[in-house]
Amino acid sequence: MEQLYGYFLYSLSLLTFGGIYAILCLGLNIQWGFTGLFNAGVAGFFAIGAYVSAILTAPESPRHLGGYDLPIPVGVFIAMVVCVPVAWAIGRVCIRLRSDYLAIATLGIAEIIRLVFKNELWATNGARGVSFVPKPFEAWDSPWDQIAMALVVLVIVALLYIAIELARTSPWGRLMAAIREDEPAALAAGKNVERFRLEAFVIGAVVMALGGAMMAHYIKFVDPKMAEPLKATFLVWVMLIAGGSGNNKGAILGAMLLWFIWSITETIAPIIIPDSFAHVVYPFHLVASWFLPEAWMATPIAPDPVTGLDSWDSKAPFLRVFLIGLALQIVLQKFSSGILPEQRLQSLADTDDASARAARSSPS
Amino acid sequence: MLRLEDLTKNFGGVLAVDGCNLEIEEGKITGLIGPNGAGKTTIFNMIAGALRPTSGKILYTSRGEDGKESTVDISGLPTHEMFHRGIVRTFQIPHEFGALTVLENLMVVPAEQHGESLYQSWFHRKKVIDREREVRRMAEDALEFLSLTHVRDELAQNLSGGQKKLLELGRTMMTDAKLVLLDEPGAGVNPTLLRKLADMIRRLNKERGYTFCIIEHDMDMIASLCDPVIVLAEGKVLTQGHMKDVRRDERVLDAYLGGGEEEAA
Ligand SMILES: Nc1ncnc2c1ncn2[C@@H]1O[C@H](COP(=O)(O)OP(=O)(O)O)[C@@H](O)[C@H]1O
Ligand SMILES: [Mg+2]
């Protein structure tokens, strides 16, 4: 019974994290999936959302800026608003760049944003981060607090899905796809391409900030490690591409599915690789430790006298990256445009709205 | 309608267009010919706002709402500005929105689509849908005109080269164009389709009053469609006039032979 309850809580956390990643994926889908903007700096907007909302809502602390004690929704909202001018300014400078240069520029800017948060100690407490970020429904009894949190995230995902899907199926979405497909032709069709690219960039960034803010309130903590590109940018990209870029359902599915894989690797790594196998894998682990953030390479607690390795729990991180890569490969082998590829729509003109029905059925 | 004055484009030392003076008259179908590299496409790019001239003027005369004519220098304006003044172009190499359907390719074009605003698509859905119906009817009419109705829901990337050329022409039909610039509409189009294409251009000229300027290598098509014909060589106007006079002109023959072209026959 106790174990069952544990599984239940675990699946709630899968849903909540998956949902938060789905928010990030929907944001990236607006930029990349619809408009073809290669934003490799998801982590930057994620960090802005997380930090702004955390600082605005966390209790007073001598270690960082704060003590505003704003309600969580207000903090989240302001975090999104703050992201608008930041994304707009970045977009103004970078949006005209060719796709690959845009990727390099945004990747660099996201790193700058992360380093600012890491180094402005007075505001952010540096590497030690902001703790005691309030979590919604904290006062409720378990598991109701977890259930309510998961529901809130899922409702946000659903509302975002509806709003973004309405946009995608309107001339706005068609125009974004046209810009992605052929910019000179979109220009020749009289569209102010730069303005629309900028719009997609800013809106996508605001959605990412929402994801970041939700993450901060869910795990009650922010630090610069959260905004490392591997987890906050790369993973989101893999989710979107596996799920199907250009397809909102695909973005959500990809996020849920890959978060599931990402999360259970932690549990299954020791099962699928016995400890005696450690000697073989050790060199790979060593190489991985050069590239992966420290946080992922947890320090061994009880080192094996031969290899210096502890049990496999702490080796999961590099295996995770491998499995995620493998999952992406398998998906793309089978579905070249992701599990749910982009759907071109019948025109909105087919919409059977009430007035048209009335017009048809009226005798005159 | 459109006058180029000493229009020059210098690509880092390559004088693609070298002090070009020419005029496109309203209501006519003007041909623009010349050997490869003469600067024809570059001139189109400047008129359509895709390239900024190094120097010179592009004087555009249009009639305002009050019926009064006014002439302005439009050189250097962005492409979307040119479009809203009624200048529409097609590309030498077709540019289609590959992952969009043929119908959608045309539906992108019209201006004043409320649904291009997020606010309107969220909160004024009905207005957006009504306009969408109009736009779709317009696109379906254009497809009918181009005999592309059977590929209406096909992705544009799956069209043949000739069909893509027709789609290029179709885009010009989705707006109140005044001046339409066609860059080699006949290249890669089979002879039957080519005759149809010429008919369509003539019809658009008569029925919709489009003024055309056409770059083309098919001399028979030029001869049957265009009057006057302007001959360009090395970024300058060599001569202009009726096709039968132009054909006899020694300099034209020389330009083509010098340019290594055989099509001047
Ligand atoms: N973007 C460009 N950059 C550099 N040179 C160019 C560019 N576009 C055209 N040119 C050069 O300008 C000259 C005229 O080209 P173009 O206008 O395409 O000729 P046409 O269309 O008459 O065949 C050519 O010598 C070509 O190489
Ligand atoms: Mg050319």
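**A proline in a loop, and beyond**

Analyst: Let's start with P143(A), which sits in the loop that runs from β1 (130-131) to α6 (144-168) of chain A (helices are DSSP runs of H or I with at least four residues, strands are runs of E with at least two, and both are numbered from the N terminus). This is a predicted model, where local features need pLDDT of at least 70, side-chain atom pairs count only at pLDDT 80 or more, and totals for chains, interfaces and linings use all residues. Residues are numbered from 1 along each chain as its sequence is written, chains are lettered from A and ligands numbered from 1 in the order written, and side-chain values use heavy atoms, leaving out hydrogens and water.

The bond between S142(A) and P143(A) is a cis peptide bond, with omega about 5°. Most peptide bonds are trans, and most residues other than glycine have a negative phi.

Chain B has a cis bond too, from D227(B) to P228(B), with omega near 0°. P228(B) also belongs to a loop, the one between α8 (219-225) and β9 (229-233) of chain B. In the loop between α3 (102-107) and α4 (118-123) of chain B you will find E112(B). Phi of E112(B) is positive, near 50°, although the residue is not glycine.

Back in chain A, the axes of α1 (residues 2-34) and α9 (residues 193-219) come within 6 Å and cross at roughly 165° (axes are lines fitted to C-alpha atoms over the stretch in contact, with angles from 0 to 180 degrees between N-to-C directions). The two helices, α1(A) and α9(A), are therefore roughly antiparallel (over 145 degrees; under 35 is roughly parallel, 65 to 115 roughly perpendicular, and the rest oblique).
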